[in-house]
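This report goes through selected features of one protein model.

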Amino acid sequence: MTVSKTTTETELPPAPDDTAAERLSTAPVESEGPTGIGVFGWARWMWRQLTSMRVALILLFLLSLAAIPGSLIPQNGQNQFKVQTWKAQHTTVAPIYEKLQLFDVYSSVWFSAIYILLFVSLAGCIIPRTWQFVGVLRSQPPAAPRNLTRMPVHAAWRTEADAEKVNAAAHRLLRKRGFRANLSGGAVAAEKGYLREVGNLLFHLSLFALLGGFAWASLASGTGGKLMVEGQGYSNTITQLDDFTGTRFYNNQDLDPFYLKLDDFTSKFQNQGDQIGAARQFTANVEYYQGSDESKLKKGTIEVNHPLEIGGSKVYLIGHGYAPVITVRNGKGDVVYHDVVPFLPQDANLTSTGVVKVSDYGVGPDGNKTQLGFSGFFLPTAPVSFAGTGPVSLFPGDAEPELVLNAFSGDLGTDSGLPQNIYQLNTRKLTQMKVDDQPAKARLKPGQGWTLPDGYGSVTFEGYKQWASFNVSHRPGNAIALTGAVLAILGLIGSLFIQRRRIWVRAVALPGGGTQVELAGLGRSESAKIAEELAELAVDLQDDAPASEGDAPAAEGETPAAEDENGSAPGEDDRAPEDHAAEDPTAPADQNSKE
């Protein structure tokens, strides 16, 4: 008995024709150019190009490229504050980016066009491929080729056992090994590894589900932003959100009703070592209830990447900072302003900027109605001197908090009715206060006050609190997208590691007595597993068909003794394996197909 696996070109079966490839592959057949005449022919050719592997890879590549701006440029649906800050810092290119929809990448026209085309391409591949695969499952394994010893992996020996009993034993052993086996025509045909194609189809279907989840999310999702200082709360309505971005099937009337309050915020940073200043903990302790029943108040925590789910929405923690408590008194000592003012961080050490707008100051020292404005910095850990650095924080934690202010008087423009950015001060109609012809400014520690020049009163830095910004997201397609991603990985594993292979066994009674046993194996891809399986089958079959004592093993490349001079077994013609190319699982599919 001999088992051989050959790799030379002359020993492999000839490549099948296109009909054979279509018979064995579940991938759609494609043509090189337009077929037919006129519009219909061009349309059919364009459809085949769209559903080809080449175009699908191009679309996937374009989708990956299109997603890059969404990760580099702040998006309206994720953080409106960052978008506004980015626009203020890049005033030249911001209008161009606006026209190109780069602040709304995932809902833009060009991004939608790419994944819709990918949808169509996948659908055009999956439907015919599935139909053809069902046909393969319903059919019997292909009959054995006439000359098994010409297959890449084969074995042959003589035995005294009855040919019918040998074939029956081979059929039984192959079924025991999990092969789909069919005994007919004096030979056994068996096939295994259908889960490879199942994994392939599962991968494509999962991509379809993944894209479907993203599409649903882009059509039926919405996001809102809310900044809260410790002790503040809000109801999830459009009037109390700082910003809101809806979609075609989700608007401000569809917001999930709930109440959320920020009790306190905890932030911790590493204070020594090489990673000094690195964040170690951000925790927002909140109270909330769903609907309008306050008796169902619950406590919860929100951390980075650990959102709080309320109804159909998830509340994410996306930022934090400090909010000084500031009191402003007029020249008579009356309190004209008292509030907690969030300052926005500008660097990793939380050097923060902010403004205070005192629109109800009243009559100034000159007897005219006036307004006051203050701009400045909050430094969680202030340096001793600003020389050479300016007002910057040395550490993100509140080790040495300090408030730096500049004072202005005049018209803030708040009475014009036009909307203003609460984090910016329009100084066009304001005059900066001066002391000895120098801009009036002060450095204040918690509890300290500053007497304003020219009798405008005073400013007191009462203390500070921490604030946290939240993203309220309603994305119904996330579960589908996640399921699709997991199934796509499983399908890809199956399509890569499961080998499709076929084994044939033929036992033929010899004219002079005895039986000639021939085995052959063929795999859809190059793998040593088919040779190992064939060797194991040959060993197991020895119990029912032991080799004759005088049957010498045939060396690789020699003609077995049971064959005639033309290389055919007794009683068989000399036709080449091309006659059975339609049954050859190694037949290469079209290179452009999604195989």
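Leu 350 is buried because its relative accessible area is 8%, under the 20% limit. The residue lies in the loop between strand S14 (344-345) and S15. Its phi is positive, about 60°, although Leu 350 is not a glycine. Most residues other than glycine have a negative phi. The model is a predicted one.

Asp 436 also has a positive phi without being a glycine, with a value near 55°. Its place is the loop between strand S19 (434-435) and strand S20 (438-439). Asp 436 counts as exposed, since its relative accessibility of 71% is over 50%.

## Overall make-up

The protein has 595 residues, of which 46% are buried. Its secondary structure consists of 10 helices and 25 strands. Of the contacts between residues at least 6 apart in sequence, 66% join residues at least 24 apart.

## The open sheet S6-S8-S9-S10

Strands of a sheet pair through backbone hydrogen bonds, either parallel or antiparallel. Here four strands make an open sheet in the order S6-S8-S9-S10, with antiparallel pairing. From one strand to the next, the twist averages 25°.

Strand S6 (residues 233-235) and strand S8 (residues 258-269) run antiparallel and are joined by three bridges. Ser 235 is placed opposite Tyr 259 in S8. Between S8 and strand S9 (residues 279-290) there are 11 bridges, again in the antiparallel sense. On that side, Leu 262 stands opposite Val 286 in S9, and Thr 266 has Thr 283 as its bridge partner in S9.

Leu 241 is located in the loop between S6 and strand S7 (243-245). With a relative accessible area of 9%, Leu 241 is buried. Not counting residues up to four places away in sequence, Leu 241 touches Gly 224, Gly 225, Lys 226, Tyr 234, Asn 236 and Leu 255. Gly 224 is 17 residues from Leu 241 along the chain, and the C-alpha atoms of the two are separated by 6.5 Å.

In soluble globular proteins, nonpolar side chains tend to be buried together. The largest nonpolar core in this model has 28 residues, and those touching the most other members are Val 328, Val 358, Leu 372, Phe 374, Trp 450 and Leu 452. The elements that give two or more residues to this core are strands S12 (313-329), S13 (335-340), S15 (352-363), S16 (369-379), S17 (402-410), S21 (441-444) and S23 (458-474).

What is Val 328 in contact with, leaving aside its neighbours within four places in sequence? The list consists of Asp 334, Val 335, Val 336, Tyr 337, Val 358, Leu 372, Phe 374, Ser 458 and Val 459. Among these, Val 358, Leu 372 and Phe 374 are also named with Val 328 as touching the most other members of the largest core.

## Aromatic pairs

A pair of aromatic rings is described by the distance of the centres and the angle of the planes. The model has 17 aromatic pairs. Phe 244 and Tyr 250 form a tilted pair, at 6.4 Å centre to centre and 40° between the planes. Tyr 250 is buried, with a relative accessible area of 4%.

The ring centres of Tyr 322 and Tyr 464 are 6.1 Å apart and their planes are at 75°, so this pair is edge-to-face. Tyr 322 belongs to strand S12 and Tyr 464 to strand S23, and the pair links distant parts of the chain, 142 residues apart. Tyr 322 is buried at a relative accessible area of 1%, whereas Tyr 464 counts as partly exposed at 26% relative accessibility. Elsewhere, ring pairs link Phe 265, Phe 269, Phe 282 and Phe 395 into a cluster.

## Charges over rings

The charged end of Lys 87 sits over the ring of Phe 103, at 4.9 Å from its centre. Arg 443 lies over the face of Phe 386, with a distance of 3.9 Å to the ring centre.

Terms used
Residues are numbered from 1 along each chain as its sequence is written. This is a predicted model: local features need pLDDT of at least 70, side-chain atom pairs count only at pLDDT 80 or more; totals for chains, interfaces and linings use all residues. Side-chain values use heavy atoms; hydrogens and water are left out. Two strands pair if DSSP finds at least two bridges between them. A nonpolar core is a set of buried Ala, Val, Leu, Ile, Met, Phe, Trp, Tyr and Cys residues joined through side-chain atoms within 4.5 Å. Buried means under 20% relative accessible area, exposed over 50%, partly exposed in between (1.4 Å probe, protein chains only). Contact means heavy atoms within 4.5 Å. Axes are lines fitted to C-alpha atoms, for helices over the stretch in contact, and angles run from 0 to 180 degrees between N-to-C directions. Rings of Phe, Tyr and Trp (its six-membered ring) pair if their centres lie within 6.5 Å; planes under 30 degrees apart count as stacked, over 60 as edge-to-face and the rest as tilted. A charge sits over a ring if NZ of Lys or CZ of Arg is within 6 Å of the ring centre and within 35 degrees of the ring normal.
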